[in-house]
Amino acid sequence: MNAESARKFEALEAQARDILATFTGDGYEAVAPAIIQPADIFLDVIGEDLRGRTYVFTDQEGSELCLRPDLTVPTCRLHWERHGRADAQARYCYNGPAFRFQPNGGDATHPREFRQAGIEHFGLAARDKAETEVLSTIVKALGQAQVEEYEIRCGDLGLFNALLDAIDMPERWRGRLKSQFWQPAAFREELQRLVKSPGSSADGLPDALLGQIIPGDAKASERAIETYMHDHGIELIGARTVSEIAANIMNMVEDGTSDALPASVAELISNYLGVSAPARAAGARLRDLMQSAKLDISGALDVYQRRLQRMADAGIDIGKLKFSAEFGRNLEYYTGFVFEVTAPTLGEQSPIAGGGRYDRLMRSVGSTVDVPAMGAMIHTERLLSVVRGEV
Amino acid sequence: MANLIFAIPSKGRLMEATIEILAAGGMEVRKTGSERGYRGEIVGTDNVEIAFISASEIANALRIGRIHLGVTGEDLVREEISDAEGRVKFLKELGFGHADVVVGVPKCWIDVRRMEDLDEVSMAFRRKNQRRMRVATKYTNLTRRHFACHGISDYRIVESLGATEGTPAAGTSELIVDITSSGATLKANGLKMIDGGTMLKSQANLIESKTAPWTPEIRAVQNEILKRLKI
């Protein structure tokens, strides 16, 4: 498989040296986070999907550990340990193995053991500046590896959030749709439900209880639930409290009294998610879309435009940049700009590089506040096979 | 010539029922060597080797092709083999070993009546507790697939190899995925089933490994067995 022949090992090493030279040349400090990581932090951050592909094990003392499935979280931990606070500005780069389970041992483009060469850019509040710097460093590294033909697919969660914020709807619907963004099928279903029968979330709740639930009156609602549980011999077990259960049921009842989401709004959201075009054209298309819907998300659109301009000024070939509103839906921890570099020979399923903004991730290593963080990595085995034309 | 290797669960009701079904087809299973041995034969047949191994190990042995045929629960096969259809062939449901793999939540979660309701609850739980709600189960793969299917992502699996249904009350999980035949154990532990929470209605199956070393001779032996079992 990968690097199991001495020649391929040498080629990967030589390639990695060049990439790291580019990274350090751009001001990123080379670090080597531990390969073996505490499992806990990953399991809480990455979600079950990736967790299912992480090699987790228990050591001789009973500690739950894992082979790192990527290097971003380990670099965040390293940063936190070094500074004791997360918002310190720093730039790191690395090259090293990461491990992900693949059915039947994986294949050449999806090996279970692969090397990531990446950069992380922490603490810079000028987000579009950090995003531009990271992308240009990655583009520079690809250029030095003689990769000419590629496309950069990008997305922007800031735009999506701004769109939902601008639409008039109950806050809990907004929260639900934002978190459902990652699950396209569930998202579509929820959107349809909010149009057709928002009250259906209370379906099946006992009538005797429903009559006693008063949205806005938590005390009365909690009492009603306690009485109901007592009358039916139901014990309260587990970590969820009566007040959490009451809050949820109050929301369900309130859903039934709220006006349904207008079909035109659902259509606008769907149309937004359908936007997929070269980056410049996409910006214009989004502006048109919002104008005809009479919605103002000019703040987020300006950010988009400014970032694009900055990238053009930095010498990135904007013609290679393609915006897709849906892009990023399988990458749960990103919070803003995201991108993936794909080569025509490998296709969209096997990007050779990718990255994005993950301002919330530092919380998982101990920070109590969001910290601006932007990172990207190169899948070095894939890069090598593209460079060598081995696909 | 090589033998066909036929795995039978090594103990309990699954073993007894399998031996009965073979006997009904005129195939008497006899242990060879010591009484506690893990090998056996079908009386009067040369080319079949019986292996007594645990039901979950049978699933794994089918996956890697160490045995040709085996009897085990569909739940174990779906759990242990990520691409079950590519690796094994379900030949026949045997009518015993019934067990449903279900989601069990605390009865006091009055606001949760169906799979979809879990989504809202999981998000609120994470906001309040700064961690994901925990699902205790030994069916990690089935659980991941089922939850993904219903768009639920804010949870975390904790592996539980025994007494799973007691973990919510014990405070080591928020909800569970486990097998049940009547729901009585769930009930006794203050849990309930929910709509859409049944992941699999499982029973014992006769299963063929697609990756085992099949030769024309071994195929012929298999055909004879299937004929006697009227499959």
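Predicted model: local features only at pLDDT ≥ 70, side-chain atom pairs only at ≥ 80, totals over all residues.
Residues are numbered from 1 along each chain as its sequence is written, and chains are lettered from A and ligands numbered from 1 in the order in which they are written.

Let me begin with the domains, whose bounds come from an automatic or database domain assignment. In chain A, domain 1 covers 6-162 + 277-387 and domain 2 covers 198-257, and their centres, taken over C-alpha atoms, are 43 Å apart. Chain B is divided into domain 1, at 4-97 + 203-228, and domain 2, at 99-202, with 32 Å between the two C-alpha centres. Eight residues from domain 1 of chain B and eight residues from domain 2 of chain B make the contact, where contact means that two C-beta atoms, placed from the backbone, lie within 7 Å. On the domain 1 side of that contact, helix α3 (residues 74-80) of chain B gives the largest share, four residues; helices here are DSSP runs of H or I with at least four residues, strands are runs of E with at least two, and both are numbered from the N terminus. By class, that side has no nonpolar, four polar and four charged residues, and in this scheme Ala, Val, Leu, Ile, Met, Phe, Trp, Tyr, Cys and Pro count as nonpolar, Asp, Glu, Lys and Arg as charged, and the others, Gly among them, as polar.

Staying with chain B for a moment, the secondary structure comes to nine helices and 12 strands, and the C-alpha trace spans about 65 × 30 × 30 Å along its principal axes.

One buried residue in chain B is A7(B), in strand β1 (residues 4-9), and A7(B) counts as buried because 27 other C-beta atoms lie within 10 Å. Leaving out residues up to four places away in sequence, A7(B) touches A51(B), I53(B), I58(B), A61(B), I67(B) and G70(B).

For a contrasting case, D359(A) sits in the loop between β11 (353-357) and β12 (373-379) of chain A, and D359(A) is classed as partly exposed because 17 other C-beta atoms lie within 10 Å. Although D359(A) and A373(A) are 14 residues apart along the chain, their C-alpha atoms are separated by 5.1 Å.

Now to the cores, a nonpolar core being a set of buried Ala, Val, Leu, Ile, Met, Phe, Trp, Tyr and Cys residues joined through C-beta atoms within 7 Å. The largest has 79 residues, of which I138(A), C154(A), A353(A) and I378(A) touch the most other members, and helix α4 (residues 127-144) of chain A supplies its largest share, seven residues. A second, separate core of 39 residues includes A224(A), M250(A), V103(B) and I110(B).

Helix α4 of chain A also meets helix α1 (residues 6-25) of chain A, where D18(A), I19(A), T22(A) and F23(A) in α1(A) face T137(A), K140(A), A141(A) and Q144(A) in α4(A) through contacts. By class, this contact has three nonpolar, three polar and two charged residues.

In α6(A), the buried residues are W173(A), R176(A), L177(A), S179(A) and Q180(A), and their cover includes α5 (157-166) and α7 of chain A together with α5 (117-129) of chain B.

Definitions and conventions. Buried ≥ 20, exposed ≤ 12 C-beta atoms within 10 Å, placed from the backbone.
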